Structures are given as C-alpha cells and as structure tokens.
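Thanks for coming, everyone. Let me put the structure up, and then we can walk through it together.

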Amino acid sequence: NNNDLKSNALEQKEIDHLVELAKSDSFYMEELLDKLKPYIVHIANKYIKKYNGLCELDDLKQIGSLAVVTAVDKYDPDRGAHFTTYAYKRIEGYIQNEFVDLTKNLEKEHEEQNRIISAISHDIKTPLTSILGYSELANKETTSPKSKEKYINTIHTQALVMKEIIE
C-alpha cells in the first residue's frame with residue numbers, strides 16, 4: 001500500500017534524525033531505544049525460542065540496547081543502509097554472540113563436571129577395590145580368625161575412606 005510506504009519512509013527519516021541527535025544527547029538515545037525496542041524484543045524472542053529459554057528476555061533486551069548504542073556510534077549513513085537495517089544486524093549479532101558465549105561456558109562447565117566426576121570415581125574405586133578384595137579373603141574358609149579380623153579392620157578403614165570422599 002502506498003500509505004504504508006510513505007509511513008515507513010517517514011519513520012526511517014525520523015529514526016535517522018534521532019540517530020544524529022542521540023550521538024550527543026542521552027535523552028534522544030533513550031527515545032531511539034524506545035523506538036527500536038520492538039526490534040530488540042523480536043530478535044531476543046527468536047533466540048530464546050531457538051535456544052529453549054537459555055537466557056532471560058530482560059538480559060537480551062540489555063544486550064540489544066547495548067548493540068543499538070554501539071550502532072549509533074558506528075553508523076555511517078553514506079554507506080546506503082537505513083539505520084534500522086544496520087541496527088537490526090547489530091542487535092542480532094550481539095544477541096547471537098551472547099548465545100555463543102553461553103554455549104561455550106556451558107561446555108566448559110560440563111567438561112569441568114566430567115573431570116570432577118572422573119576424579120571422584122577414581123578416588124572411590126581404590127578403596128572399593130580394597131574392600132572387595134579383603135572381603136573375599138575374609139570369607140574364605142581357610143582364612144584364620146586372626147587374619148579375618150585384620151581383613152575386617154582393613155575393610156572398615158577403607159569404608160571410612162569412602163565415606164570421607166563422599167561427604
């Protein structure tokens with residue numbers, strides 16, 4: 001529709017004018033952020049859905065707002081793109097980078113958890129192997145009562161070691 005095109009062109013001019021004013025006045029920066037909030041929310045929701053809610057909307061709105069502030073500083077109207085197009089790409093890039101960083105951090109945490117579990121598993125296997133070995137020796141019919149007592153004491157000691165590891 002022709003009226004929609006005129007309305008869109010007027011909105012683009014208004015936003016481009018706000019960008020120029022926002023470079024030197026925080027009041028206009030806030031106004032520009034309010035105008036672009038629907039873009040930020042749209043992109044944020046797209047990524048929240050894509051990554052199953054890995055990040056909160058408010059956090060992504062802040063990241064999107066930071067992208068707009070950065071876009072204002074780096075925007076060059078002489079390159080031919082409207083600010084909204086440029087800002088949309090910046091917002092999407094910042095939010096996407098946030099998820100890349102979150103994913104990397106989750107992978108690091110997962111690796112650390114696996115390392116800890118492996119270490120604990122190793123620490124538990126040693127006394128457990130000792131308990132199993134000594135209990136087999138204690139259960140043999142040919143084992144003397146004195147040796148059985150020694151084996152049971154060792155089993156008890158190793159069980160205490162395991163208890164300490166677990167706690």
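A search of the whole structure turns up five salt bridges. By salt bridge I mean a side-chain nitrogen of Lys or Arg within 4 Å of a carboxyl oxygen of Asp or Glu. Keep in mind that this is a predicted model: local features need pLDDT of at least 70, side-chain atom pairs count only at pLDDT 80 or more, and totals for chains, interfaces and linings use all residues. Residues are numbered from 1 along each chain as its sequence is written, and side-chain values use heavy atoms, with hydrogens and water left out.

Start with K46 and E92. Their closest N and O atoms are 2.4 Å apart. What does this pair tie together? K46 sits in helix α2, residues 26-50, and E92 in helix α4, residues 83-139, so the bridge links parts that are 46 residues apart in sequence. Helices here are DSSP runs (H or I, at least four residues), numbered from the N terminus; strands would be E runs of at least two.

Are the two partners buried or exposed? Here are the cut-offs: buried is under 20% relative accessible area, exposed is over 50%, and partly exposed is in between, with a 1.4 Å probe and protein chains only. K46 comes out at 38%, partly exposed. E92 is buried, at 17%.

Next, K61 and D58. This salt bridge has its closest N and O atoms 3.8 Å apart. Both residues belong to helix α3, residues 57-74. They are three residues apart, about one turn of the helix. K61 is partly exposed at 24%. D58 is exposed at 53%.

Now E112 and R115. Their side chains meet at 2.7 Å, N to O. Both are in helix α4, again three residues apart, about one turn. E112 is partly exposed at 37%, and R115 is partly exposed at 49%.

On to the inside. A nonpolar core is a set of buried Ala, Val, Leu, Ile, Met, Phe, Trp, Tyr and Cys residues joined through side-chain atoms within 4.5 Å. The largest one has 26 residues. Which members touch the most others? They are L32, L60, V68, F83 and I95. Helices α1 (2-22), α2, α3 and α4 each supply at least two residues. Helix α2 gives the most, with nine.

Take F83 from that list. Contact means heavy atoms within 4.5 Å. Setting aside neighbours within four places in sequence, F83 is in contact with I15, D16, V19, L32, L36, V68, A71, V72 and Y75.

T84 lies in helix α4. T84 is buried, at 5%. Beyond its neighbours within four places, T84 is in contact with Q12, I15, L36 and Y39.

Last topic: how two helices pack. Packed helices are described by the angle between their axes and the distance between the axes. The axes of α2 and α3 come within 8 Å and cross at roughly 130°. That makes α2 oblique to α3. Axes are lines fitted to C-alpha atoms, for helices over the stretch in contact, with angles from 0 to 180 degrees between N-to-C directions. Under 35 degrees is roughly parallel, over 145 roughly antiparallel, 65 to 115 roughly perpendicular, and the rest oblique.

Who meets whom? From α2, the residues include M29, L32, L36 and I40. On the α3 side, they include L57, L60, G64 and V68.
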